[in-house]
Amino acid sequence: MPTSNSPYAAFAALLTSSGHSVSPAELHGLLLGRSCAGAGFDIEPWLIDAAELLGTAAEDTVRQALIGLQEMVKNELSSNDVTVVLLLPSDDAPLGERAVALGQWCQGFLGGFGLTVRDKALSAEAMEVLQDLSAIAQVQNALEESEDGESDYMEVMEYLRVAPLLLFSECAKPEAPAVKPSLH
């Protein structure tokens, strides 16, 4: 039985009660994708992109949740702790439900990344990551409730915790200021 107090479940309930049929996974993917492509962390452009996915401007409670999600992503990408937490159903949700959300997350990420990066040239490594995400977005029907299915899901999850960081470091990470030589 899925845990109803998981961040994913709480966000899903908020979206549903507000009349939005978008999954939290797709919203988080959109946000992380645009952030990794160099969109920056200004709130208003994020809310505009989110409203486009939602189909309408977010009312106050959803708006506050979106701002909180932006703050979380900003902290993750700006931190020296190289960790990205994906907004997906908890591990006690059925594998099929988690796999669908994983596909939605990848679709959101690719949409947000593409919307922001546009025609910027990317390295072969970055292109490979994007191709992997595209393939993972299609995986939702391939995972079966089994030990192997769980193992495959966990491997994909680990990959998705690292892959956005490569794209962020290539496309969006601010350049470190040059160290000025000290004059003595």
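R118 counts as exposed in this predicted model, with a relative accessibility of 62%. The residue is found in the loop that links α5 to α6. Its backbone deserves a moment's attention: although R118 is not a glycine, its phi is positive, at about 50°. Most residues other than glycine have a negative phi. Since the cut-off for exposed is over 50% relative accessible area, R118 falls into that class because its value is 62%.

A second residue of this loop is K120, placed between α5 (95–117) and α6 (124–137). K120 has a relative accessible area of 40% and is therefore partly exposed. Leaving aside residues up to four places away in sequence, K120 touches E170 and C171. With C171 the approach involves the backbone: a polar atom of the K120 side chain lies 3.3 Å from the backbone oxygen of C171.

The axes of α5 and α6 come within 8 Å and cross at roughly 140°, and the crossing is left-handed. On the α5 side, the contact is made by L102, G103, W105, C106, Q107, F109, L110 and F113. The α6 side contributes L130, L133, S134, I136 and A137. Sorted by class, this contact holds 10 nonpolar and three polar residues, with no charged ones.

From α3, the residues in contact are I43, E44, W46, L47, A50 and L54. Their partners in α4 are V62, R63, L66, I67, L69 and Q70. Here the division by class is nine nonpolar, one polar and two charged residues.

The pair formed by helix α1 (residues 7–17) and helix α2 (residues 24–36) packs at an angle of about 100°, and the two axes are 9 Å apart. This places α1 roughly perpendicular to α2. In α1, the residues that take part are Y8, F11, A12 and L15, and in α2 they meet P24, A25 and L27. The contact of α1 with α2 consists of seven nonpolar residues, with no polar and no charged ones.

These pairs can now be set within the whole chain. The protein has seven helices and zero strands, and from the N terminus on its elements run α-α-α-α-α-α-α. Of the 184 residues in the protein, 39% are buried. As for how the chain meets itself, contacts between residues at least 6 apart in sequence may be considered: 74% of them join residues at least 24 apart.

Terms used
Residues numbered from 1 in each chain as written. Predicted model: local features only at pLDDT ≥ 70, side-chain atom pairs only at ≥ 80, totals over all residues. Heavy atoms only, no water. Contact = heavy atoms within 4.5 Å. Helix = DSSP H or I, 4+ residues; strand = E, 2+ residues; numbered from the N terminus. Nonpolar A, V, L, I, M, F, W, Y, C, P; charged D, E, K, R; others polar. Buried < 20%, exposed > 50% of the residue type's maximum accessible area, 1.4 Å probe, protein only. Polar contact = N/O pair within 3.5 Å; in protein donor to acceptor, adjacent residues only side chain to side chain. Axes fitted to C-alpha atoms, helices over the stretch in contact; angles between N-to-C directions. Left-handed = near helix turned anticlockwise from the far one by under 90°. Parallel < 35°, antiparallel > 145°, perpendicular 65-115°, else oblique.
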